[in-house]
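Open the model in your viewer and keep the selection panel at hand. The stops below say what to select and what is there.

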Amino acid sequence: MSRSDDRQAKAAHIRHLLSTESETIHENTGHMNSERYRAIEGFDYDALRDEARAIKEDAIARLPELIEQVKASVEENGGTVYVADDAADANRYVEDVMADRDAETLVKSKSMTTEELDLNDHLGEAGYDVFETDLGEFVIQVAEEAPSHIVGPGLHKSSEEIADLFNAHFDPDEDLATAQDLTRFARDYLGERIREADVGMTGANFVVAESGTIALVTNEGNARKCAVTPDTHVAVAGVEKILPTVADLQPFSQIIAKAATGQDVPQYFSLLTPPVDSPTLDFDEPDVPITEQSGGGAEGDGDGDSGGSDARDFHLVLVDNGRFAMREDDELRETLYCIRCGACANSCSNFQHVGGHAFGGETYTGGIATGWEAGVHGLDSAGEFNDLCTGCTRCVDACPVNIDIPWINTVVRDRLNRDEAPSEFDFLVEGLTPDEEPGGLDPQKRLFGNVDTLAKLGSATAPVSNWIARTRPARLLVERVAGVDPRRDLPAFRRDTLRKWAADRDTATPTDAGREVVLYPDLYTNYVQVERGKAAVRVLEALGCAVRVPDIPASGRAPLSQGMVSTARERAEAVSEALTPHLDAGRDVVVVEPSDAALFRREYERLLSDEEFDRIAGNSYEILEYVYGLLENGADADALAAGEGQSVSYHSHCQQRTMDLAVYTEAVLSDREFDVRTSDQECCGMAGSFGYKSQYYELSVSVGAELADQFADAERVVASGTSCMEQLDDLLGPTRHPVELLDPAAE
Amino acid sequence: MATSLTRFEDALVDHDCDVTRTSVAEFDGALADAVREPAVGVALDDQDLSLPAAVETDPTPAQLQAAASGVTPVAFAVADHGTVAIPSTATAVEPVSLYPDRHVAVVREEQLVPDTDAAFDELGPTLARERDSVIMATGPSATGDMGALVQGVHGPSEVHVVVVESEVTQS
């Protein structure tokens, strides 16, 4: 398939999901997302996640030694540990256990790892009956679909859809309708399966090396029943689930349910050290007291040492399947810290609108899925959905173990770029684009990754370039070659750039200026959103700063967002070099575009030396953050325009919120007597190039429409990011940057 | 500041549990009010407290399956979250607390620990040294997988905690 056909197929798939699963997914993920915010309010989430992160780092570093310890502990307890190299190895082992125990049926509680192994299919083909007992997994099993979310595998289905499914599949005496009916039916049906089952299987959220304990985090009680009812218990877990000690469980016990569903604690935090002392339950001998049954443990060991009923058989299957290679991979290793709570999916605007059937690979879904899929199934599976991560970083705040999920997505995108086969259009773009990337790169990524070059060319030849770009032949060409959606207005490049305006002004640098400021002429402020740049300069001057707008190259945000890491690094180094004399002279760097402010303070850590990064990060400020600081330090607020009670609806930029910078804009605007209302949407859906891409245009608009709805009755809308402004311009009409409201020269 | 006991009671209510505060003297009546028959149970191993004859303490699978209530002791309880710690024992505390629709947990006030930190002080030796198993259970079983939140899935739909106040604080 050509790239253009690929894009059309992807657009059609997304369009289908937007009209089918989107509504239910949005309701469910949105609910879990707001519940997470509620659960962590007034709770020291950050301290706990630092603690959880440190435990995971240590455990993965010591993994080989911990595996040996788990083996020793479980064997001491009377169980067996098997370390499976890959899916086939794990499946073969479980099949052997089934055969050895003369088993016919197996009941399972929820386990994403067994989804990764395709264990159900394997056992089914071998003639065994396998029943999923988690209600979400049960729905998916009956529907013969794939999970759409790590925590809620069936959360794309409404009660009505599940009722239709069950009524058709099971033909109950009375039709099922409500969630209550469906739950009762599933409980009865699966209860019988559990009572009959020969083997019970669980996953494990954590495995404790020192004791051989497995921890299961559940709400329904099915994992308890699967583990305790049959005499054979098989637990399947990735090797990364091991923690050194029981004490290490504590922060996770506090954080996992909050991150996942916004519950303070789960209904059941099961700490099982199998084989457990509980008697097995043989419902084939209904009238023999359970403490006297063959599996009974009453006269077992009452001595309380490494106990467990003698009749119980326990197998822990630890799965490698690519994880040891991930552990050796400096960029993917972090993925192994993931506790699979789904917070990255819930906090993701794109995920909320399409769910895991688009935003997911063979097994895993959501932002972190890119790392898992690349590690366990390979780059191709990750490549199916990796572009749906826009790098908005909202998941970074949500992740309970501080994984830099956007960075993993960027790195995998970079690897995918390098794997691409050369394209028929390479000749068109290769000569024009001064990047560091290989020849096969997707022209769409190359176009957006080199938008700085386009902006320079476009500006030099504006307005003619804008007219040409808008002509039908030009739009058709960029649509066909680069997949730029024709429904989106292209940005108009300005010939009178911010730098030209600043250079032509004859304001002398005041000799008594309080601070010397470099206003960074970011790509968008310099060439497109020039008015917000002028406003920023005038606001800073009104507060006593001497402002210069020097020639500093593009930040590297554009190539980074396309996974062009080498190009981004080269740009970062050029920015660092150009800023050095200014930093040497003690000047502060002020940035209008929040995605660039975030780059200087966050992603440059990945692209520059520690010394260069610390210097830039430590001396750069987002514009309203800087204004706030000036006012706090005694600058005269009355020098700025005042709101006189005017209502303003504000959408802060996603990356700005992750860096906790949105509060400064709100504070300054309130201080200047604007009545500010802030949106609670995670991201506007535009996200740089994302909303221009033809395959994602409809998703972008779907996300943006939600924001537009929040602002439907707004008198005046302001937004910090260029992308947010473009999205809101398209949906609501002209949008300004907050600094323009404060401009003393404003009318 | 609220005592551990009142915090425990509040947390139980927050997590949709029923709670009765009672004394050794009034325990039998309080328990009878909490239990729905047919009932199964596990003997309390407490010299002052015992279960009535109506509660079958050595149940068969059929009785377990038919029971409306399961009465058990607990290993300890956590005040902050309204959590009861259910041990895996040869006397079948785990299945008796799990299969019937209503779990009646008997908790001595002395068994309360204030918070998760203290819970892990209990769990460390229990799991690591004794190699025992414990379910930290908070509220009835629940699911949102069928749409709206429903209580009572594979585990109990009702949890009733009978807390026996310590004699010392009463006097």
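## Stop 1: strand E7 of chain B

Select E7(B) and show side chains. B:Arg102, B:Val104, B:Val106 and B:Arg108 point one way, B:His103, B:Ala105 and B:Val107 point the other way, and all are buried. This is a predicted model, so keep that in mind at every stop. Seven of the seven residues of E7(B), which spans 102–108, are buried, so the strand is largely enclosed by the rest of the structure.

Strand E4 of chain B, residues 69–73, pairs with E7(B) in the parallel sense over five bridges. Pick B:Ser69: its bridge partner in E7(B) is B:Arg102. Then select strand E12 of chain B, residues 158–164. E12(B) and E7(B) also pair in the parallel sense, over seven bridges. Opposite B:Ala105 stands B:Val161 of E12(B).

## Stop 2: the nonpolar cores

Which residues have the most contacts inside the largest nonpolar core? Select A:Leu249, A:Ile368, A:Leu388, A:Ile403 and B:Met136. The core they belong to has 74 residues. It draws at least three residues from each of domain 1 (47–319) and domain 2 (498–742) of chain A.

Go back to A:Ile368 and show what surrounds it. Beyond its neighbours within four places in sequence, A:Ile368 is in contact with A:Ile150, A:Thr335, A:Cys338, A:Cys344, A:Ile403, A:Ile405 and A:Ile408. As background, nonpolar side chains in soluble globular proteins tend to be buried together.

Colour chain A by domain next. The assignment gives domain 1 (47–319) and domain 2 (498–742). Over C-alpha atoms, the centres of these two domains of chain A are 49 Å apart.

## Stop 3: cysteines

How many disulfides does the structure hold? Over all chains, zero. Select A:Cys395 to see one case. The closest cysteine sulfur to that of A:Cys395 is in A:Cys344, and at 6.1 Å it is too far for a bond. A disulfide would need the two sulfur atoms within 2.5 Å. A:Cys395 counts as buried, at 11% relative accessibility. Jump to A:Cys226: at 0% relative accessibility, this residue counts as buried as well.

## Stop 4: helix H22 of chain A

Select residues 451–460 of chain A, which form helix H22. The buried residues of H22(A) are A:Val451, A:Asp452, A:Ala455, A:Gly458 and A:Ser459. Turn the view to look down the helix axis. The buried residues of H22(A) fall within an arc of 130°, so they line one face of the helix. An α-helix has 3.6 residues a turn, so residues three or four places apart point the same way.

What do the buried residues of H22(A) pack against?

- H21 (443–449)
- H23 (464–470)
- H26 (523–527)
- H28 (557–561)
- H29 (565–584)

Now look at the loop between H22 and H23 of chain A, where A:Pro463 lies. The peptide bond from A:Ala462 to A:Pro463 is cis, with omega near 0°.

## Stop 5

Select A:Pro274 and A:Pro275. The peptide bond from A:Pro274 to A:Pro275 is cis, with omega near -5°. A:Pro275 sits in the loop between strand E9 (268–272) and strand E10 (313–319) of chain A.

Move on to A:Asn321, in the loop between E10 and helix H13 (323–328) of chain A. A:Asn321 is not a glycine, yet it has a positive phi of about 45°. Is A:Asn321 buried or exposed? With a relative accessible area of 12%, A:Asn321 is buried.

Then pick A:Asn402, between helix H18 (394–398) and helix H19 (405–419) in a loop of chain A. A:Asn402 has a positive phi of about 55°, although it is not a glycine. With a relative accessible area of 25%, A:Asn402 is partly exposed. For context, most residues other than glycine have a negative phi, and most peptide bonds are trans.

## Stop 6: A:Ser694

End in the loop between strand E16 (675–678) and helix H35 (697–710) of chain A, the place of A:Ser694. A:Ser694 is buried, with a relative accessible area of 14%. Leaving out residues up to four places away in sequence, A:Ser694 touches A:Arg7, A:Ala11, A:Gln444, A:Gly483, A:Asp485 and A:Arg487.

Technical notes: Residues are numbered from 1 along each chain as its sequence is written. Chains are lettered from A and ligands numbered from 1 in the order in which they are written. This is a predicted model: local features need pLDDT of at least 70, side-chain atom pairs count only at pLDDT 80 or more; totals for chains, interfaces and linings use all residues. Side-chain values use heavy atoms; hydrogens and water are left out. A nonpolar core is a set of buried Ala, Val, Leu, Ile, Met, Phe, Trp, Tyr and Cys residues joined through side-chain atoms within 4.5 Å. Buried means under 20% relative accessible area, exposed over 50%, partly exposed in between (1.4 Å probe, protein chains only). Domain bounds come from an automatic or database domain assignment. Contact means heavy atoms within 4.5 Å. Helices (H or I, at least four residues) and strands (E, at least two) are DSSP runs, numbered from the N terminus. The arc is that of the directions from the helix axis to the C-beta atoms. Two strands pair if DSSP finds at least two bridges between them.
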